[in-house]
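Open the model in your viewer and keep the selection tool at hand. The tour below goes from stop to stop.

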Amino acid sequence: MKKLLVLALAFMMLLSVIACSNPTTSDPTPDPGQTNTEATPAPTDAQGTEETPAAPSAVRKENLVVALQAEPQTIDPYAASHDTTFISSEAIFEPLFKYEDGELTPWLATAYEMVDDLTLKLTLRDDVLFHDGNKMTADDVVFSLCYGATSNFTSTLFGAIDTENTKALDEQTVEVKLLYPYAPLLEAMASHRCAIVSKAAYESMDADAFGRAPVGTGPMMFKEWVSGDRIELTGFEQYWGEKPAFDNMIIRIILEASSRTVELETGGVDIAFQISPVDWSRLEENPDTQMLTGNSMGMTYLCFNNSNELYGNELVRKAIAYAINVEAVAKTAYQGQADAADGFMARSIPGYKKVGPWEYNPEKSKELLKQAGYENGLEVKFVTFQQQYYNACIEVIQSMLKEVGITCSIEMVDLATFTSMNNNGELPMTVMANSASIPDPASALIAWPLSRTISLRHNDQHIQDLLDQGERTYAMEDRVKIYAELQDYLWEKLYLLPLAFPITGYGARSNIQNFDFVPTGIPDFAAITFAE
Amino acid sequence: MKKKGTEQGHIKKRSQFQETWKRLSKNRLAMVGLAILAILVITAIFADLIAPYPYDEQDYMATLQSPSWEHLMGTDEYGRDIFSRVVYGSRTSLYVGFISLMGGALIGCIFGAIAGFFGGKTDNIIMRTCDVLHGIPQIVLAIAIASTIGPGITSALIAVAVSSVPNFARVVRAATMTVRDQEYVEASQSLGGNNTHIIVRHIFPNILAPIIVQATLGIGKSILLCASLSFLGLGVQPPMPEWGSMLSNARTFMRDYSYMVISPGIAIMLTVLALNLFGDGLRDALDPKLKK
Amino acid sequence: MLRYIAKRIFLMIPVLLGISFVIFLLMYFTPGDPAQMILGDLATKEEVEALREEMGLNDSFFERYFRYMGDLLKGDLGTSYTTKLPVWDEISARLPVTAKVAFFVIVFAVLIGVPIGILSAVRQYTIIDSITRVMALLGITMPSFWFALLLVLLFSVKLGWLPASGLYGPAYYVLPIISISAASVAIITRTARSSMLEVIRQDYIDTARAKGQKERVVLFKHALLNALIPILTVVGIQFAGSLGGAVVNEQVFAIPGIGKLMVDAIKARNYPLVTGSVLVLSLLQSLVNLFIDLLYAFVDPRIRSQYSRSKKKTKALNGAVTAGAGTAAGKGE
Amino acid sequence: METKNKLLEVKDLSIHYFTDEGVVRAVNNIDFELARGETMGLVGETGAGKTTTARGIMGLVPNPPGRVVSGEILFEGKDLLNASKLQMRLHRGKDFSMIFQDPMTSLNPILTVGDQIAEVIRLHEKLSHKDANRKAAEILEMVGIPAERMSEYPHQFSGGMKQRVVIAIALACSPKLIIADEPTTALDVTIQAQVLELMRDLQEKLGTAMLLITHDLGVVADTCNKVAIMYAGQIVEMGSLENVYDNTKHPYTKGLFGSLPSLSIKSKRLVPIDGLMPDPVDLPSGCPFHPRCPDCMESCKSRMPVKTEVSPGHYVRCLRCE
């Protein structure tokens, strides 16, 4: 009978040996402060390794396979706000302009002219065809811009467009009218959120059908969507520009992070998104794979519900802030792949002002607690949903608050319950993140406008005024001054406590070239070339 | 003590329990199972003494340390000592495992016995409600309950209990039906025993074996269900440790820090292994036909 | 026999109705607003309210339930909130995948489980018996996604023999099948072993041996056929179980199964898709159970005679009584 | 008796079971002979080792835990104990076959009666399916069951009918010897008589020898020409019917007869043998019956009696008769 037991233990040992037999370089975990990914130079330079002039490689590949972490709800960039949609739609649609080396270069629009503060004249290319064969005309551009203005997912970027008076002057020119002066307009027109859709195709089917079978002008054409499994795109024969180095693009949906890493290592996929930080070092060491990382345009923050009687009290917010070691929170929660947040938007965004990070001073925190009348203890509560990084931040903060006598309970609910609690203002405290869709302060501070502030609920008109001013002045120097004043004010009021600037990244096979890290997280697939 | 063959003395009447214990103690494997269970229960009760660190104490200097002397099972991504969390986790996991099982078994057995014993319409009604309950996936049940009365152990407990009722009912019904036709049940009916008396005194002891097997299997499943609930964010509330959620969270670190997955995994496996060994032993001991 | 099948199918309807009612009830009381989930957290209150009105979410519980039932009877499962596709299209896209995986899992589990179970029953108290019992216990206790990850690490990454995820060819099926069926193999082995042990002790096995029958035939014909009933029950339960299946395993291997679809639908409060997928799953599971019950009758004549009280049989019974040999003996019919 | 006519010779046979609780000495050094066409009764209380003896001859002792410790079983001069598995299989059903006690569980519930009979025929006689079934039908008729019922299942037959099927299976290949292990115990008296009469007719018609195991002395008197009384694994008295019934020597046999109601002798009370069967793991010293033996002597407690022939063909194991 003893043999039975011995066998059981032997089998278990065998299993664990297999699991951990891979060469776990148990080097000391990255102590905070030193970024362990040598590959990324100082985080401020967003371009990553400098541009090696890609030799015109004749190497063509049949399929470019990309692994996504979740299935997009739609491929229509105007009907969603999630990366998975934009990654799927990037190669199908094209914007009016593109940014190359910081310069606005013509793309679908050949030239632009700011007639006055409220009107912009665009001249378009005349040789662009849609996937359904129709020619792209000014009407399509007007239709796309108006669609962008009205859809609630993109109204933050294109809401300023006056949909009645924007019209096509002729086949190739469009006159865009604005309701109020709007500085980030051109920036928006050069982003992945601006997509010229075929008016005819859109109107021939209803909005949702278009979302599942989009028609654009991009180098890749939509072919098939096998729900839950993959989206297949194929090369567009009559594409007006330079054809990509691959015939088809297959976007596979692999939910499990470790499976995406494994597929990258075994060559099952060429590019994989949302690789968990734990695997970054292994993918870098592996000769067959490379990691493309850099500071994203997002910011993770501790969000107070300022309409709540307790967290509306500035003393309490600051007491909590002083008890938190922001540096440690960022490093632990993101396993070293994040910098402590010292401002209200990512550093790569023009207009960013360094105001923090918040001083870690438990003594001061206790003082403020006494001032606020909570010297013998304070009860606080976090509500969150299943999200690896937010939960990590909250658990780290929870144990830090314990040091200063603030007992903190965490309630984990599922996403739907969380969203409805958020809308009804029932969230006490939580950790969230906002990411700018275009490198412009207006988009980075998306959580602050009064009409949109369902989580912060600060109802501070002064913030709204500054936001409007910043958005409506065209001169960059004046905008920077306005946003600097706003960021100082926000730092003073501390309606939210910035925690981390996450370093994001995606993995690729080493034979993928001309494919760099982009802060928005939506790379240009068509430009990809292949080595060997 | 050897019972003398020839001695005419009366044989000492041993109670059913002693009889089962005598036969059970001979089965070494069942004893091993019982020993492991005893250890687990003791660790659960004296967790505060056994665990070297409080389960929620974080140490940012020592995140993701592989097993060493000060951290027997290494540390997790927050620098918390995994050994202490496994020790405290035994408390939650055993609590969830056993209580949900008791609930599910109790209701399930009652329904099963009634359905099996009376048959006919009552049997049909009970069985169809069981099919309905069985048809609803445990996860839907868990989410609904967790969302209405708030997430946490209690909701996970209820979800697990409710979803294990159909299995128990079906097992008990089948066993009751086979036992019901036996002569001794008719004998006690002829002696004027009313139905509840018969079910409790005669039918239950004889169908204890399948119930035990279902119970020992059930506990393992309910602990693992807790893992899938926490995987959905509905399980135990952080920072409370629970083996299942520790396992599913450690998944992302499995490649480089495999020790994080192994310790909770082995804890679950040991518990379920012990339960099954003890359960099998108990079943054999209770089943007179099984002469070794 | 057909009468019995009709009765069973007829009985399924109340069960499915019951399930749909309970699901609707559960969904009704669960907080979280589908309209909000569709529009995302950037939408304003008015937009959300307008969508709720349009989707009829503000109607009373019974109004919505009867409207759903009305459509159901017309064979329309409603449209999914998120993708606006008919629920049936979403499910039918995933049904073949889940069915194929579940089928291969059960076939694999039976082909491995039953012979090993029998072997360890016949060779009781030997080393083989101990090994299989340990394997069985480990199979039941091991969390399946842990086993899945181990398999992927070993066979895809280290040895590179098998693809890690997706279902684009026969080689893709190997790892998912092994990982999902581990628990089923264990349970089937245990049941096969215990029911074989039960049957081997019966007298008719000795009768067969007394006839001079070969030991192999005694075991695999006389013993196994009688031991089939409990094995079939467990196979049925395991097959039904793996349909709703290992959601986590499906996720690890990126298999677009119904289990994952249902869980995501619940998370997004996509009521029609939740109810639809649960109903389809329950229907499949009930059909599997019916099929297993029919197999009982096929295997065991005693059960078969209960189902089909056809005329021919009863006449023969009466015939026997008059043939002189008294039937007062024993309780046999 | 010339050796040619001796069908079965059992010499000094001992079979023990080696269990965790200890060694169960079920059969201890028994020997007897059986000629062709002869019927011998093997009588004893439950636990005397009757069934183990039968299974020993058939080679069906479950091993582990059972094992033949000593002795020989000569069937037509050949020792079955060192026959190969294959040879034993060829004997079983062809040269000797067995009828089991409980008809309710002796038939495979999921095979038709016809198949179960045809199986033994096909095993030993190279017949096609059709011929085997035809022969099976014949044998079924022989045991008094209408042939059309061949395709029915055991649960559709009464206890008596099932026992007839078991007999049909045993006699299908007209074996030289039938071992019947309490064939009628589970049946009512009326059916018992019919089954016994059937077995006797078939025995005469096929000339088969029979070893009838029972605890019913009446059945033995009615069917057998020789009888052996077994107690605690030993044959304590053996001989022709007249010797054992009229000229009983061994106290245990007398005790058995004493506990039988008899029409001829008017007696108010039956005289049961007090005490219980000894525990086979821990047999008493000397003569195993001495603790319950009314005329027990001092030497009985220490010395094991030897098999002595008190009159031609009549053997007794008792110190009083040595």
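In which loop of chain A is A:Gln274 found? Select the stretch between β11 (271–272) and α9 (280–285) of chain A, and A:Gln274 is in that loop; helices (H or I, at least four residues) and strands (E, at least two) are DSSP runs, numbered from the N terminus. This is a predicted model, in which local features need pLDDT of at least 70, side-chain atom pairs count only at pLDDT 80 or more, and totals for chains, interfaces and linings use all residues. Residues are numbered from 1 along each chain as its sequence is written, while chains are lettered from A and ligands numbered from 1 in the order in which they are written.

Stay on A:Gln274: its phi is near 50°, a positive value in a residue other than glycine. Most residues other than glycine have a negative phi. With 18 other C-beta atoms within 10 Å, A:Gln274 is partly exposed. By definition, a residue is buried at 20 or more other C-beta atoms within 10 Å of its own, exposed at 12 or fewer, and partly exposed in between, with C-beta atoms placed from the backbone.

Next, select A:Asn459, in the loop between α15 (441–444) and α16 (461–472) of chain A. A:Asn459 is not a glycine, yet has a positive phi of about 25°. It is exposed, with 11 other C-beta atoms within 10 Å.

Then go to A:Pro357, in the loop between β14 (338–340) and α12 (362–371) of chain A. The peptide bond from A:Gly356 to A:Pro357 is cis, with omega near -5°.
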